[in-house]
Amino acid sequence: MSTLVQQPVRAPSGERTTDLARGLADGDEASLTAVYRRWGPLVHALAQRALGDSREAEDITQQVFLAAWRGRSCYRPELGSLAAWLIGITRHRVADALAARTRRAALVEGAGEQYAVMNHRAQEGMDPTVDRALMTVELARLPMPQRTVLRLAYYEDLTHPQISERTGWPLGTVKSHARRGIRSLRLRLEDVRDGR
């Protein structure tokens with residue numbers, strides 16, 4: 001993400017970066033407001049440049065400052081400036097947004113392929129409603145962790161790290177549940193379609 005380059009930002013009078021960082025870390029909402037006022041335009045510009053969409057950049061900007069507020073206890077000034085920390089969060093959020101775009105594009109492509117298959121079946125007298133109902137039933141038969149991960153990934157469009165954060169499960173566990181769930185679902189659907 002070479003497009004995310006730190007640009008100099010002039011501090012408003014009377015607001016020192018160290019004071020803002022300290023206030024943010026201490027949970028002072030006025031400091032968060034000042035941090036947002038000072039670095040919000042930079043975060044938005046970086047997100048817009050990387051994503052090419054102003055509305056999506058606005059969402060990313062909100063996510064970055066919400067993440068900064070929630071993760072304020074993790075900020076370590078000795079490891080880098082507050083601006084660098086915010087830019088790092090921005091990079092992660094932009095990467096998540098780009099990955100979500102890729103997943104959505106793959107889902108749309110897959111849905112198009114599935115539509116073609118379902119349309120072909122409908123022409124042969126098979127009912128696509130039965131296929132959707134079958135998918136719902138087979139998904140419900142998966143073990144709870146696998147079902148949870150697949151629903152969060154496909155219906156709520158969450159990334160593996162976001163699912164890990166939401167469920168509290170380690171990232172490797174989330175990936176394992178996703179992989180096993182997809183494999184089990186595929187095998188069950190193949191069995192059903194083959195009449196086994």
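**Entry 1**

I started with a crossing: helix α1 passes α2 in a left-handed way. I noted the rule for that word: a crossing is left-handed if the near helix is turned anticlockwise from the far one by less than a right angle, and right-handed if clockwise. Before going on, I wrote down that this is a predicted model, where local features need pLDDT of at least 70, side-chain atom pairs count only at pLDDT 80 or more, and totals for chains, interfaces and linings use all residues. Residues are numbered from 1 along each chain as its sequence is written, and side-chain values use heavy atoms, with hydrogens and water left out.

Back to the pair. Two packed helices are described by the angle between their axes and the distance between the axes. For α1 and α2, the axes come within 8 Å and cross at roughly 130°. Here axes are lines fitted to C-alpha atoms, for helices over the stretch in contact, and angles run from 0 to 180 degrees between N-to-C directions. That angle makes α1 and α2 oblique to each other. I kept the cut-offs: under 35 degrees is roughly parallel, over 145 roughly antiparallel, 65 to 115 roughly perpendicular, and the rest oblique.

Next I looked at α2 (residues 29–51) with α3. Their axes come within 8 Å and cross at roughly 140°. I put α2 and α3 down as oblique too, and their crossing is right-handed.

**Entry 1: the whole chain**

How many helices and strands are there in the chain? I found 8 helices and 0 strands. From the N terminus on, the elements run α-α-α-α-α-α-α-α. Helices (H or I, at least four residues) and strands (E, at least two) are DSSP runs, numbered from the N terminus.

I also checked burial: of the 196 residues of the chain, 33% count as buried. Buried means under 20% relative accessible area, exposed over 50%, and partly exposed in between (1.4 Å probe, protein chains only).

**Entry 2: salt bridges**

My count came to 3 salt bridges, each being a side-chain nitrogen of Lys or Arg within 4 Å of a carboxyl oxygen of Asp or Glu.

Asp-19 forms one with Arg-22, with the closest N and O atoms 3.2 Å apart. Asp-19 and Arg-22 are 3 residues apart in helix α1 (residues 17–25), so about one helical turn separates them. I have Asp-19 as partly exposed, at a relative accessible area of 33%.

Arg-101 and Glu-56 meet in another salt bridge, 2.7 Å from N to O. This pair links distant parts of the chain: Arg-101 is in helix α4 (residues 82–123) and Glu-56 in helix α3 (residues 54–70), 45 residues apart. Is Glu-56 buried or exposed? At 16% relative accessibility, Glu-56 counts as buried.

Then I found Arg-166 with Glu-156, at 2.6 Å from N to O. Arg-166 lies in helix α7 (residues 160–167) and Glu-156 in the loop between α6 and α7, so the pair ties together parts that are 10 residues apart in sequence. Glu-156 is partly exposed, at 43% relative accessibility.

**Entry 3: around α6 and α7**

I stayed with the loop between α6 and α7, where Asp-157 lies. Phi of Asp-157 is near 60°, a positive value in a residue other than glycine.

Which residues make the nonpolar surface patch of about 350 Å²? I listed Tyr-154, Tyr-155 and Ile-182. Patches are made of residues with over 30% relative accessible area and no salt bridge, joining like charges within 9 Å and nonpolar side chains (Val, Leu, Ile, Met, Phe, Trp, Tyr) within 5 Å. Accessible areas come from the Shrake-Rupley method with a 1.4 Å probe, and for residues only the protein chains shown count as cover. Tyr-154 sits in helix α6 (residues 144–154) and is partly exposed, at 41%.

**Entry 4: two C-alpha distances**

Arg-91 lies in helix α4 and is partly exposed, at 38%. Its C-alpha atom is separated by 9.4 Å from that of Val-43, 48 residues apart along the chain.

Ala-140 is in helix α5 (residues 128–141), partly exposed at 43% relative accessibility. I put 10.0 Å between the C-alpha atoms of Ala-140 and Leu-185, which are 45 residues apart along the chain.
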